[in-house]
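Hi everyone, thanks for coming. Let me show you a structure that may be new to you, and then we'll walk through it together.

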Amino acid sequence: MVNGKRLLVIIPALNEAGSIADVVREIRGELPGVDVLVVDDGSADRTAAVATAAGARVARLPYNLGVGGAMRLGYRYAHEHDYDVAVQIDADGQHDPRYVPKLVDLLDDYDLVIGARFAGEGDYTVRGPRRWAMGMLSTVLSGLAGTALTDTTSGFRAANRRMIEMFARWYPAEYLGDTVETLVHAARRGYRIQQVPVAMRRRMAGTPSHSPAKAMVYLGRALAVLTLALIRR
């Protein structure tokens, strides 16, 4: 229980055997009594076994579906097992679980709360085409949601029962669908969205794959995803 609510932490994980045990143990240490579900997204390493040994519940996808596919399974699990709140946390250790109660606090008034990296806390920065894409997405989605959203691609999120029920029925598996398209879909249907400033940390294991070429590809994909999300009904 967190703030009187039965809570499930959902961790989508692909080949995160090097960090998943520490992430699960930290969550269980900071948030005693919460349930942790690791969705192994077709990993080729020992992610599932390591997560199980660390005390998490594990659901395994037979092949890689991406974050959207993993989260769709997680929300269905949360809905079927009657959780009040579902919180998404990354498997690489960048999300600090000590912020979870702050996200959950706002769910009395909002349906979806985002842990925002660019809202005045911490020193996380993004430059070049990735920053341009994030700025463009934030401007458009803030208008749709009727509130300032500075980090619309954040994977640190908390959803209440209303949002869990909707995501259990509908959740896109396409690239950036789990972030951009879910916000467009939720805002258009009157779900209330808000953000909480959070500080990001370094990955516990592995290395991020950023380069100027990949950043330009990200910009192009972000524009395409936003356009499609706005066209779809």
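Eight helices and seven strands make up the secondary structure here, and please keep in mind that we are looking at a predicted model. The protein has 233 residues, and 52% of them count as buried. Its accessible surface comes to about 10500 Å², with 51% of that belonging to carbon and sulfur atoms.

Let's go inside now. In soluble globular proteins, nonpolar side chains tend to be buried together. Our largest nonpolar core holds 37 residues. Which of its members touch the most others? They are Tyr75, Met163 and Ile193. Have a look at Tyr75: leaving aside residues up to four places away in sequence, Tyr75 touches Ile10, Ala86, Ala159, Ile164, Phe167, Ala168 and Tyr171. There is also a second, separate core, this one of 32 residues, including Val24, Val85, Ile89 and Ala158.

Finally, please find two of the strands, β2 at residues 35-41 and β3 at residues 57-61. In which sense do β2 and β3 pair? The pairing is parallel, over five bridges, and Val38 stands opposite Val58 in β3. To get from β2 to β3, the chain passes through helix α2, residues 47-53. That makes a β-α-β crossover, and this one is right-handed.

That's my tour, and I'm happy to take questions.

Terms used: Residues are numbered from 1 along each chain as its sequence is written. This is a predicted model: local features need pLDDT of at least 70, side-chain atom pairs count only at pLDDT 80 or more; totals for chains, interfaces and linings use all residues. Side-chain values use heavy atoms; hydrogens and water are left out. A nonpolar core is a set of buried Ala, Val, Leu, Ile, Met, Phe, Trp, Tyr and Cys residues joined through side-chain atoms within 4.5 Å. Buried means under 20% relative accessible area, exposed over 50%, partly exposed in between (1.4 Å probe, protein chains only). Contact means heavy atoms within 4.5 Å. Two strands pair if DSSP finds at least two bridges between them. Helices (H or I, at least four residues) and strands (E, at least two) are DSSP runs, numbered from the N terminus. A crossover is right-handed if, with the strands pointing away from the viewer, the path from the first strand over the helix to the second runs clockwise. Accessible areas come from the Shrake-Rupley method with a 1.4 Å probe; for residues, only the protein chains shown count as cover.
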